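Hi,

Here is the structure I promised to pass on. Have a look at it first, and then read my notes below.

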Amino acid sequence: PSIEMGEYKTKTLSNGLQVIVVENHKLPRVSFQLYIDRQPVQERDKAGYSSMTGSLLAAGTTSRSKAEIDEAVDFIGARLSTSSRGAYASALSQHKETLLEIMSDVIINPSFPEEEFEKIKKQTLSGLAASKNNPNAIASNIRSMINFGKDHPYGEFSTESTVENISLKECKNFYKLMFRPVYSYLVVVGDITEADAYQLAEKYFGSWTGEEGME
């Protein structure tokens, strides 16, 4: 079957961030997808720290607590989620600038609060304990290991022991190593003009530089 791609425009900011814009004015909504185009890494005896890092991004910034982030997103009826690959946000187009300001704050200024790290770690351990009797979870882990091998990043899976080994330092190091604009994409789709998308991307992500090296 042939794949029909919608018309899109691209621009690369001075910091290397590539902005892709797809205008669609049928509905008064807009979405922002920040994708970190990184190579998978082996986490070995600390498998799970990349996923925990993704969760921690929205757990607090240098200027907002997790509660303040959640309240600000809910107030405009928006959605915001983060992962080890970036972030996704959507809202009515009238709130696009407010939403992008929150999203950029989460990506550029995460504070990695210790108390939130401990909460996420406990939740992860609780989920792993519950999955021990889940046939789908067991089958998924076995399938990944068989398909890719235990020494490949895609063949790894978290266990209670690997999660117990994770410290906040691993999460901070992963963020510093992987979250950089030079190999990231910001995809903007919806009720927004090309000019507005570039202007907002420059305003809220233009100062993002990322950090070199690891602690």
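Before the rest, some housekeeping. This is a predicted model, so local features need pLDDT of at least 70 and side-chain atom pairs count only at pLDDT 80 or more, while totals for chains, interfaces and linings use all residues. Residues are numbered from 1 along each chain as its sequence is written, and side-chain values use heavy atoms, with hydrogens and water left out. Helices (H or I, at least four residues) and strands (E, at least two) are DSSP runs, numbered from the N terminus.

Salt bridges

Lys66 has a partner: Asp70 forms a salt bridge with Lys66, and their closest N and O atoms are 2.9 Å apart. By salt bridge I mean a side-chain nitrogen of Lys or Arg within 4 Å of a carboxyl oxygen of Asp or Glu. Asp70 and Lys66 are about one helical turn from each other, because they sit four residues apart in helix 2. Asp70 counts as partly exposed too, at 33% relative accessibility.

The structure holds nine salt bridges. One of them joins the side chains of Arg64 and Asp105, at 2.8 Å from N to O. That pair ties together distant parts of the chain: Arg64 is in the loop between helix 1 and helix 2 (66-75), Asp105 is in helix 3, and 41 residues separate them. Arg64 and Asp105 are both buried.

Another salt bridge brings together the side chains of Lys132 and Glu160 (2.7 Å, N to O). Here too distant parts of the chain are linked, with Lys132 in the loop between helix 4 and helix 5 (135-148) and Glu160 in helix 6, 28 residues apart. Glu160 is partly exposed, with a relative accessible area of 30%. There is also a network in which salt bridges with shared partners join Glu7, Lys9 and Glu194.

A lysine without a salt bridge

Have a look at Lys121, in helix 4 (residues 114-131). Lys121 is buried but has no salt bridge, and the nearest side chain of opposite charge, that of Glu164, is 4.5 Å away. For charge, Lys and Arg count as positive and Asp and Glu as negative, with His and the chain ends not counted. What the side chain of Lys121 does reach is the backbone oxygen of Glu164, at 3.3 Å. Leaving out residues up to four places away in sequence, Lys121 touches Met52, Val163, Glu164 and Ile166, where contact means heavy atoms within 4.5 Å.

Val163 belongs to helix 6 and is buried, with a relative accessible area of 1%. Beyond its neighbours within four places in sequence, Val163 is in contact with Ala47, Met52, Lys121, Thr124, Leu125, Leu128 and Ser158. From Val163 to Glu194 it is 31 residues in sequence and 43 Å in space, C-alpha to C-alpha.

In helix 8, the buried residues are Ala197, Tyr198, Leu200, Ala201, Tyr204 and Phe205. They lie on the same side of helix 8, because they cover an arc of only 165° around the axis, the arc being that of the directions from the helix axis to the C-beta atoms. Their cover includes strand 1 (9-12), strand 2 (18-23), strand 3 (29-36), helix 3 and strand 6 (184-190).

Positive phi

Arg44, in the loop between strand 3 and helix 1, has a phi near 50°, a positive value in a residue other than glycine. Arg44 counts as exposed, at 54% relative accessibility. Phe112 is not a glycine either, yet has a positive phi of about 50°. Phe112 is found in the loop between helix 3 and helix 4 and counts as buried, at 6% relative accessibility.

Cheers

Definitions and conventions: Buried < 20%, exposed > 50% of the residue type's maximum accessible area, 1.4 Å probe, protein only. Polar contact = N/O pair within 3.5 Å; in protein donor to acceptor, adjacent residues only side chain to side chain.
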